[in-house]
Amino acid sequence: MKIVLAEDRSGQLHGEHSFTGDVIRVGRDPAVCHYFFPQEQWPMVSRKHAEFRLSEGRYLVADASSRFGTFVNGQRITDPVEVRVGSQVQLGTGGPILRVVSIEQAPLSRHEPAGNVRAVPPQSQPMAPSTQKMPTAQPTAPRTAPVRTDPAHLDLIHPDTRQVKRIELNKEITRLGRDPEAEVVIDAAAAVVSRRHAEIKKTGEQFFISDLKSFNGTLVDGKRITETVALFDGDEIQLGVGGPLLRLVDPAHPAPAKRSPGAPSASQPAIPSAFGQIAAMASRQTIVSTGSSSLQPTTPPGSAQPQLLARLSFDTRPQLSVGRASDNDLRLDGLQISNHHARFTRTNGSVAVEDAGSTNGVYVNGERISGRRPVQLADIIQIGPFVLQADAHQGVAVYDTRSKTRIDCINIAKVVPPAPVNRR
């Protein structure tokens with residue numbers, strides 16, 4: 001039995017997928033859910049929000065103890081409710097809506113009890129019964145799904161020769177990095193690759209990739225990921241900007257329609273307008289010093305935004321730590337970052353930031369703070385070369401400005417005063 005679900009956006013269907021399992025989970029955790037939604041866009045969706053359950057030839061929807069509830073055709077449910085074609089299932093108040101596009105059931109077999117009524121598409125309605133005894137039909141070979149001749153694997157592309165090395169994805173978890181114990185070991189000379197850089201996990205028949213708090217990030221099709229994302233046939237994975245490139249070969253999961261150019265993706269949410277001045281400082285200004293004049297910023301054509309480096313929600317944690325040491329919740333590299341640099345605390349729906357005894361300080365809207373400072377979504381928090389944004393629901397987002405900052409020094413000379421003359 002198969003059910004087809006799609007996201008209903010103002011009457012338009014997006015992301016149509018079919019499922020044949022007895023239980024189909026929906027939520028925001030791709031590790032356990034078959035249909036999932038990004039947290040940045042849908043914060044009201046729980047990790048495991050609801051389930052579609054097959055029971056006696058019917059699909060029922062049950063809430064999975066979600067925080068904001070599950071609604072079927074506008075009514076919040078407390079017990080499992082049957083859904084039919086056209087039913088709308090909403091995950092939380094104001095949350096995404098899933099529409100049941102179709103429910104397809106297997107045709108009646110000779111040995112199936114007559115009391116079991118199954119829905120059959122109009123074009124395949126059975127013919128009226130005949131009073132004549134039907135001759136015994138010769139057995140025919142059952143129709144089977146096409147066999148995948150090329151199992152899913154990775155192609156590691158050499159940056160210079162463009163030669164391809166095949167890497168089988170035959171384990172539940174495939175780790176990538178410079179660690180000799182990783183399933184995919186990258187050359188130790190690849191400076192942009194961390195020891196434990198990323199991992200690919202197989203859930204059901206789908207592959208998902210997560211960054212393991214690497215210094216230089218993991219990119220999928222040129223976009224840096226901040227959470228677990230699904231992989232499709234032909235996706236290109238890069239370990240750090242300019243790092244090793246791998247391509248996924250998975251014919252069973254072709255890539256969906258590409259997002260229109262310029263539209264923000266789930267892994268690259270739009271930068272808040274409050275960060276415009278940071279974008280100007282980080283990407284549109286070049287400071288030129290001639291050695292005799294004052295520093296003058298110039299604005300070349302074009303503009304760019306700071307790059308989203310990481311986003312971490314509070315979930316059930318009251319505090320998130322930021323620093324260079326590996327035991328921090330958000331780990332940032334850089335000479336200006338202390339081992340334990342700052343702390344973000346959530347209390348009663350509000351967020352505050354405090355310096356954890358760093359050397360170079362924490363700045364909020366350009367002012368160095370000395371104690372705990374409440375912050376809002378529009379506040380600009382700066383730690384070394386990083387710009388942060390904090391919110392009780394979305395957590396802490398980190399934007400990287402390092403790759404977009406340039407200082408050119410021209411005609412710089414060091415003047416050494418003459419040594420004093422010892423007169424006796």
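Two strands count as paired if DSSP finds at least two bridges between them. Strands themselves are DSSP runs (E, at least two residues), numbered from the N terminus. What you have open is a predicted model: local features need pLDDT of at least 70, side-chain atom pairs count only at pLDDT 80 or more, and totals for chains, interfaces and linings use all residues. Residues are numbered from 1 along each chain as its sequence is written, and side-chain values use heavy atoms, leaving out hydrogens and water.

**Stop one: strand 1.** Select residues 2-9. Strand 1 runs antiparallel to strand 11 (residues 97-104), joined by six bridges; pick Ala6 and you'll find its partner Arg99. Six bridges also tie strand 1 to strand 2 (residues 12-19), again antiparallel, with Asp8 bridging to Leu13. Two residues separate strands 1 and 2 in a hairpin, and Ser10 in the turn has a positive phi of about 55 degrees.

Now show the five strands ordered 15-14-16-17-20, with mixed pairing. Strand 15 (184-185) and strand 20 (229-230) are the edges, each with a single partner strand, so one side of each has no neighbour in the sheet. Further in, strand 14 (residues 173-177) and strand 16 (residues 198-203) run antiparallel with four bridges; Arg175 pairs with Glu199.

**Last stop: the largest nonpolar core.** Such a core is a set of buried Ala, Val, Leu, Ile, Met, Phe, Trp, Tyr and Cys residues joined through side-chain atoms within 4.5 Å. Highlight Phe344, Ile381, Leu388 and Val396, which touch the most other members among its 23 residues. Strand 34 (386-391) is one of the contributing elements, and gives the largest share, three residues.

Technical notes. Buried < 20%, exposed > 50% of the residue type's maximum accessible area, 1.4 Å probe, protein only.
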